[in-house]
Amino acid sequence: MAFTIRQLEIFVEAAKDENFRITADRLGISQPSISNHIKALEQKAGARLFDRQRGSTARLSPLGRDLLDQARLLLREANKVQLGATAGSAQSYVLRVAAGPYLIDQWIRPCLPDYYARGQVPNVELILSAPGEEMLSMLRSGKVDVAFFTGRPPVAPDLTIETLRRVTSSLFGTSALVEAVGSDPARISAAPMIMMPDNTPHNDWLINALADACIYPSNVVARPQFTDVAMGLALNGTGLAMLFDEEAAPATTRGQLHRVPVDFEPGYRLMLSRKGFDDARGRLAIDHLRRTLQAGRAAN
């Protein structure tokens with residue numbers, strides 16, 4: 001079973017609370033996001049992981065109890081790789097990197113084993129964050145050293161913003177929904193649309209990209225924080241979602257998602273850091289991440 005690290009993290013946290021609303025409040029994300037991650041995990045596991053009862057109670061099923069121990073073990077092992085905690089490592093410096101779940105799971109985490117294989121390199125700590133004020137605030141306060149996301153460059157004159165590469169995006173949905181709207185901007189505008197949270201750089205870029213194609217969503221049905229949740233909603237038929245073409249490729253190849261026949265202006269993969277940040281100890285890690293994210297193909 002192919003689970004993402006993010007799904008396992010959400011599952012373990014939800015198991016602690018046995019209440020998705022409490023977990024959502026504690027993690028600072030929406031309750032639908034928790035539910036969507038759990039549903040995706042259950043689909044891959046082939047059965048329910050929680051027995052939902054009346055109210056908000058969600059107790060682990062027998063399968064859920066079995067998976068919980070495995071999930072904790074997998075997360076511990078992933079954390080060892082993430083932090084470079086290999087035997088005999090003498091490196092104490094940690095480069096703190098913020099990014100969303102898509103970049104972490106599909107790009108950054110898979111490149112770390114090759115990075116650590118060099119030996120005696122600075123450690124990398126991955127910190128999950130959606131693009132927006134939270135990410136910018138973490139950079140400004142020094143909680144993270146660099147951040148990566150894909151979208152429109154934010155207006156942040158106090159930060160250094162480096163464009164790594166151009167990234168294309170499209171609107172995706174189920175075959176029935178895509179067939180219903182075709183390429184007509186008016187029909188697309190009226191269709192159920194999955195957007196990003198208000199007042200975030202990603203959503204600002206999304207609004208502008210749609211407007212350039214004369215599309216003005218009037219029926220926003222969800223505003224998930226992360227693009228992997230948006231894709232899950234699109235797969236479930238909730239609405240149309242703007243996704244990176246590279247991210248949607250596996251689902252389109254399997255025929256689960258279809259592309260709306262409209263072209264959009266590209267977004268950009270960006271690296272952000274504080275002005276003047278140039279710690280020599282972190283250069284090896286930054287250079288490795290830069291080269292990885294400049295590439296044109298994500299991990300499978």
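Student: Which residue of β12 stands opposite alanine 147?

Tutor: Strands of a sheet pair through backbone hydrogen bonds, either parallel or antiparallel. Here the residue opposite alanine 147 is leucine 272 in β12. This is a predicted model, in which local features need pLDDT of at least 70, side-chain atom pairs count only at pLDDT 80 or more, and totals for chains, interfaces and linings use all residues. Residues are numbered from 1 along each chain as its sequence is written, and side-chain values use heavy atoms, with hydrogens and water left out.

Student: How many bridges join β5 to β12?

Tutor: Six, and β5 runs antiparallel to β12 (residues 267-274). Two strands pair if DSSP finds at least two bridges between them. Strands (E, at least two residues) and helices (H or I, at least four) are DSSP runs, numbered from the N terminus. Strand β3 (residues 94-99) is joined to β5 by two bridges and runs parallel to it; valine 97 has valine 146 of β5 as its bridge partner.

Student: How many residues of β5 are buried?

Tutor: Six of the six residues of β5 (residues 146-151) are buried, so the strand is largely enclosed by the rest of the structure. Buried means under 20% relative accessible area, exposed over 50%, and partly exposed in between (1.4 Å probe, protein chains only). In a regular strand the side chains alternate between the two faces of the sheet. On one side of β5, Val146, Phe148 and Thr150 are buried, and on the other Ala147, Phe149 and Gly151 are too.

Student: What is the order of the strands in the open sheet?

Tutor: Five strands form it in the order β9-β8-β10-β7-β11, with mixed pairing. At the edges stand β9 (220-222) and β11 (258-259), each with a single partner strand, so one side of each has no neighbour in the sheet. Two bridges join β7 (residues 169-173) to β11, and the two run antiparallel. In this pair, phenylalanine 172 stands opposite arginine 259.

Student: Which residues of α11 are buried?

Tutor: In helix α11 (residues 245-253) they are Glu247, Ala248 and Ala251. They cover an arc of only 75° around the axis (judged by the directions from the helix axis to the C-beta atoms), which puts them on the same side of α11. These residues pack against α5 (101-116), β7, α10 (227-235) and β10.

Student: At what angle do α10 and α11 pack?

Tutor: The angle is about 30°, with the axes 11 Å apart. That makes α10 roughly parallel to α11, since angles under 35 degrees count as roughly parallel, over 145 as roughly antiparallel, 65 to 115 as roughly perpendicular and the rest as oblique. Axes are lines fitted to C-alpha atoms, for helices over the stretch in contact, and angles run from 0 to 180 degrees between N-to-C directions. Thr227, Asp228, Met231 and Leu235 of α10 make the contact (heavy atoms within 4.5 Å) with Glu247, Ala248 and Ala251 of α11.

Student: Where is cysteine 214, and what is its phi?

Tutor: Most residues other than glycine have a negative phi, and most peptide bonds are trans. Cysteine 214 lies in the loop between α9 and β9 and has a positive phi, near 65°. At 47% relative accessibility, cysteine 214 is partly exposed. Alanine 213, in that loop between α9 and β9, is buried at 16%.
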